[in-house]
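Please look at the structure below before reading my comments. They are written for someone new to reading protein models.

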Number of protein chains: 2
Amino acid sequence: MAGIYQRTLNLRAALRHLSPHSTFSSAATVRHSLVGPRSSFLPITTSQFGVCCRKLHAGADGHKLRSPAAAPDRLPFSRITQEDLDFFRKILAGRVITDPDLLESSNVDWLKYCNSRNLAVNPQGGNTGLVGGSVPVYDEIILSTALMNNILTFDSISGILTCQAGCVLENLSHYLEEKDYIMPLDLGAKGSCHIGGNVATNAGGLRLLRYGSLHGTVLGLEVVLGDGQVLDCLATLRKDNTGYDLKQLFIGSEGTLGVITAVSILCPRKPKSVNVVFLGCETFEQLLKTFQLCRGMLGEILSAYEFLDSECMRLLNTHLKLPNPISDCPFYVVIETSGSDPKHDGEKLHNFLEEAMTSSLVTDGTVATEDSKIKALWSMRERVTEALTHDGFTYKYDISLPVEQIYQLVTDMREHLGDRAKSVVGYGHVGDGNLHLNVVSPAKDPALLAAIEPFVYEWTTRCHGSISAEHGLGLKKRNYIYYSKPSQAVALMGNIKAMLDPKGILNPYKTLPDNLK
Amino acid sequence: MAGIYQRTLNLRAALRHLSPHSTFSSAATVRHSLVGPRSSFLPITTSQFGVCCRKLHAGADGHKLRSPAAAPDRLPFSRITQEDLDFFRKILAGRVITDPDLLESSNVDWLKYCNSRNLAVNPQGGNTGLVGGSVPVYDEIILSTALMNNILTFDSISGILTCQAGCVLENLSHYLEEKDYIMPLDLGAKGSCHIGGNVATNAGGLRLLRYGSLHGTVLGLEVVLGDGQVLDCLATLRKDNTGYDLKQLFIGSEGTLGVITAVSILCPRKPKSVNVVFLGCETFEQLLKTFQLCRGMLGEILSAYEFLDSECMRLLNTHLKLPNPISDCPFYVVIETSGSDPKHDGEKLHNFLEEAMTSSLVTDGTVATEDSKIKALWSMRERVTEALTHDGFTYKYDISLPVEQIYQLVTDMREHLGDRAKSVVGYGHVGDGNLHLNVVSPAKDPALLAAIEPFVYEWTTRCHGSISAEHGLGLKKRNYIYYSKPSQAVALMGNIKAMLDPKGILNPYKTLPDNLK
């Protein structure tokens with residue numbers, strides 16, 4: 001019947017060596033063609049998984065995330081045996097790595113074999129997540145997508161890109177910019193994160209305000225299920241209402257339902273004009289009024305509205321020697337516009353700034369139109385995370401709230417903690433109602449942590465917020481899911497997991513709370 | 001635990017009388033409060049289901065959609081008994097309708113009772129669908145959302161609206177326009193379609209090019225599952241990565257997985273300037289080049305790029321007496337811009353038109369900036385469907401294709417059918433790669449149908465298109481799903497259906513193919 005085909009992934013594999021400079025690591029050396037009607041459509045339908053048997057010799061206690069509070073008990077997955085190794089050695093002659101020195105990041109398998117052997121698997125992209133979602137907890141096999149880094153197709157009329165999951169976000173951006181397009185998402189980790197990981201974690205980032213979430217821009221996915229079957233939902237169409245939209249299940253499921261191997265995504269045109277403004281406000285209320293004003297006056301060219309507080313600025317000054325580009329203020333805003341006409345964009349921006357200044361919403365500001373100055377202003381927002389790492393041990397929270405309330409949580413946390421915290425800072429995506437709240441301590445401090453949690457989660461729940469706006473739950477936050485989701489919804493998630501991955505081999509100990517196991 | 005609560009819908013109900021002018025039909029008369037933490041957040045968390053036991057006396061053969069080719073056998077659902085009627089009469093004193101004259105559209109139940117009795121249920125919004133998705137096939141109980149028509153909240157900073165499922169799209173638009181916002185979707189049926197139905201069918205429409213699909217703009221849903229449990233995913237946040245995004249499952253599932261009872265949706269700002277252009281092109285290739293040019297030159301203000309062919313124009317002239325606003329051409333384009341600055345938008349449009357004219361991509365055109373002329377130009381595109389109904393019996397197809405190929409299908413179909421068809425016309429959403437292909441015959445013609453199908457589906461599959469871009473599958477197209485989805489994906493859809501609605505009482509005979517039953 002038309003449109004029906006099945007592909008299983010077994011006995012065919014490619015090994016990723018951990019070092020990119022290794023003499024025997026190359027995407028080209030081991031490749032196989034997936035058979036199916038799409039092969040005529042996608043010029044390169046090859047798969048290059050890289051898999052690392054991370055802890056064959058390491059036992060179960062090596063993981064830095066394993067604090068007593070966070071780590072669940074190891075589930076009764078099989079231990080890797082000599083027979084398993086022989087199997088892998090047979091299909092991957094000379095490419096099975098068991099040397100502990102080399103095992104810090106790679107080894108190989110296919111999911112069908114792992115499923116039949118009940119071996120647990122940890123899918124991994126660029127490993128840039130912040131909640132322990134992409135690293136093994138015990139002895140799970142790491143399945144890396146790093147060798148699956150081919151761009152498959154790009155349609156310059158529709159702007160639809162298809163590519164393998166291991167493509168690095170920044171590489172895709174460079175590729176598209178030459179074709180007068182951009183990726184619909186951008187984030188600090190772009191230099192190492194993989195598009196497959198971005199989709200698996202439903203990454204948000206700096207352009208969400210303008211181009212929306214990946215649930216809207218991802219048009220298709222190829223996913224390998226726990227039993228090795230390939231689920232082909234790799235459509236390259238803007239509209240397709242034939243049955244349930246299965247790909248949506250995998251967007252944001254953190255590799256617990258399937259391994260994303262290819263992505264099709266709708267890309268916007270590259271703007272002909274980009275401007276960045278850095279402004280200072282006296283109060284958060286004025287910062288919100290400025291947001292309202294700029295939504296009205298900048299309209300369709302507004303592409304980012306980000307903020308940081310004066311504590312962030314102090315850390316940028318102190319640790320990174322980044323000088324404040326304007327005079328000192330309690331709050332700072334980064335506004336980006338991108339549009340198709342530099343003259344029109346400039347006029348809109350000028351009118352907005354004039355209004356913001358005369359109405360005293362804004363106390364100081366500076367504008368950048370050339371690339372280097374744009375980058376410098378953006379770094380005031382993008383490098384806050386880096387500055388924090390120099391300040392001490394950081395407790396990180398990624399909270400979604402109604403936009404009017406996002407800074408109140410920082411104020412309340414500061415008051416609640418008093419001098420127990422070295423600093424409490426707030427920054428994030430105002431336009432999306434997304435606060436990054438960070439509490440710094442000179443060192444790891446269980447007493448401080450006990451003062452922060454569950455205070456922060458309870459505060460968020462009272463405002464009907466989300467305890468993870470864009471970072472996901474991973475290992476670290478899985479048990480806090482009930483603060484943002486009712487038990488019925490969590491139970492249904494458990495049913496979906498059981499349906500798609502009955503043995504639970506895919507990224508165990510992640511996303512879903514322990515009480516569902 | 002925080003965030004956990006459960007609500008069941010039983011023993012409380014509201015009856016919708018079928019006539020909107022009926023003296024005993026009122027949203028206010030029967031109301032109940034849903035208990036839960038959200039009640040403090042949503043000022044009006046009430047539910048007003050209306051349900052009609054459509055065919056209590058009518059037997060199983062009354063439905064106009066039941067052609068031998070399309071209709072599956074009735075499944076062994078319970079027949080409604082006197083005891084069932086007594087149950088409904090007890091909880092809905094004086095409001096149970098069994099009079100066949102009144103039964104053309106309403107009656108009442110809650111899903112928990114229906115599930116326990118194995119009674120089939122047909123959720124229904126405005127009943128404006130085109131694939132038989134919202135009407136019963138046999139004696140299913142119609143569950144109407146028409147009385148659930150309250151707007152719940154609107155946040156004028158974030159632009160997030162929450163409302164009950166039965167709100168009519170146009171009413172929501174009027175409400176928002178007063179607050180300087182618009183709905184992110186617009187379609188011809190706006191005067192009667194319900195937002196719940198829009199979401200259940202993942203409606204596309206005229207603004208998708210600009211604001212994207214409902215998978216991106218819908219932020220939350222409240223859904224009643226087949227067993228009467230209320231699944232609360234009614235978040236009002238732009239970002240929420242706590243577990244699987246369950247609401248996505250229900251978007252586009254045509255009421256087969258649950259009944260959507262409330263929606264939260266992100267609304268764009270109302271544009272300050274709208275322009276519409278009507279252009280003529282000599283070839284479809286020129287029409288596509290014009291699309292490319294306008295994407296580049298109109299950029300962020302482009303909000304629609306629609307087309308119709310000369311056959312459509314002939315039908316508009318003949319049957320609706322709508323005169324061609326420009327000179328005769330093989331192809332016509334409707335372009336809409338919407339932006340925040342009338343002067344800038346006018347300049348962009350002027351530059352684009354000058355370029356399109358001087359490069360001979362366009363042979364004639366007219367521009368409208370005032371409301372009445374904008375409406376007149378839009379009606380050339382929106383009233384094609386109406387013109388077709390006057391021309392004869394119409395076989396309708398809603399096809400997604402790579403944009404370069406959308407008109408080739410019309411040409412090939414014309415050639416393939418020769419003089420067997422009265423007319424073969426093409427129009428639709430070029431910007432989305434969505435063709436509405438219509439074949440007209442003087443009367444219903446099985447031989448003609450046999451010439452169209454499976455030709456049209458096979459053609460679409462060869463181009464990796466979708467056989468239903470925005471209309472869904474409903475009853476009419478359920479068995480053609482394999483032309484656009486591999487069998488593994490369809491099997492997985494069946495598993496999801498079995499998980500969420502084990503008795504299969506929700507909208508049976510729809511969306512999924514018969515071989516899964």
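The numbered points below go from the interface to salt bridges, strands and backbone details.

1. Basis of the note. This is a predicted model, in which local features need pLDDT of at least 70 and side-chain atom pairs count only at pLDDT 80 or more, while totals for chains, interfaces and linings use all residues. Residues are numbered from 1 along each chain as its sequence is written, chains are lettered from A and ligands numbered from 1 in the order in which they are written, and side-chain values use heavy atoms, with hydrogens and water left out.

2. Extent of the interface. In chain A, 103 residues are in contact with 104 residues of chain B; contact means heavy atoms within 4.5 Å. The two chains bury about 8,400 Å² between them, and carbon and sulfur atoms give 56% of this area. Buried area here is the accessible area (1.4 Å probe) that two parts lose on being put together, summed over both. Of the area that chain A buries against chain B, 12% comes from A:Lys239, A:Asn241 and A:Tyr244, more than from any other three residues.

3. Polar contacts and composition. Across the interface, 53 residue pairs are in polar contact, with both residues at pLDDT 80 or more. A polar contact is a pair of N or O atoms within 3.5 Å; within protein, one must be able to donate a hydrogen and the other to accept it, and residues adjacent in sequence count only if both atoms are side-chain atoms. Several elements of chain A each supply at least two residues to the side that touches chain B, among them helix 8 (284-298), helix 10 (342-358) and helix 16 (487-500). Helices (H or I, at least four residues) and strands (E, at least two) are DSSP runs, numbered from the N terminus. Helix 16 of chain A gives the most, with 10 residues. The side of chain A that touches chain B has 38 nonpolar, 43 polar and 22 charged residues. For this division, Ala, Val, Leu, Ile, Met, Phe, Trp, Tyr, Cys and Pro count as nonpolar, Asp, Glu, Lys and Arg as charged, and the others, Gly among them, as polar.

4. One residue at the interface. A:Ser468 lies in the loop between helix 15 (455-462) and helix 16 of chain A. Is A:Ser468 buried or exposed? A:Ser468 is buried, with a relative accessible area of 1%; buried means under 20% relative accessible area, exposed over 50%, and partly exposed in between (1.4 Å probe, protein chains only). Leaving aside residues up to four places away in sequence, A:Ser468 touches A:Asp398 and A:Leu473 as well as B:Asp240, B:Asn241 and B:Thr242.

5. Salt bridges between the chains. The count between chain A and chain B is 8 salt bridges, and over all chains it is 36. A salt bridge is a side-chain nitrogen of Lys or Arg within 4 Å of a carboxyl oxygen of Asp or Glu. B:Lys343 forms one with A:Glu347, where the closest N and O atoms are 3.3 Å apart. A network of salt bridges links A:Lys343, A:Glu347, B:Lys343 and B:Glu347.

6. Salt bridges within a chain. A:Asp139 pairs with A:Arg79 in a salt bridge, the closest N and O atoms being 3.4 Å apart. A:Asp139 is in the loop between strand 2 (121-124) and strand 3 (141-144) of chain A and A:Arg79 is in the loop between strand 1 (50-53) and helix 1 (82-91) of chain A, so the pair ties together parts that are 60 residues apart in sequence. In chain B, B:Arg314 forms a salt bridge with B:Glu311, at 3.0 Å between the closest N and O atoms. These two are about one helical turn apart, because B:Arg314 and B:Glu311 are 3 residues apart in helix 9 (residues 310-320) of chain B.

7. A covered strand. In strand 8 (residues 259-266) of chain A, 8 of its 8 residues are buried. Strand 5 (residues 160-164) of chain A runs antiparallel to strand 8 and is joined to it by 5 bridges; two strands pair if DSSP finds at least two bridges between them. A:Cys163 has A:Val263 as its bridge partner in strand 8. Strand 6 (residues 218-224) of chain A is also antiparallel to strand 8, with 6 bridges, and A:Val223 stands opposite A:Ile260.

8. Backbone details. A cis peptide bond joins A:Glu453 and A:Pro454, with omega about 5 degrees. A cis peptide bond also joins B:Glu453 and B:Pro454, with omega about 5 degrees. A:Lys321 is not a glycine but has a positive phi of about 55 degrees; A:Lys321 is exposed, at 66% relative accessibility.
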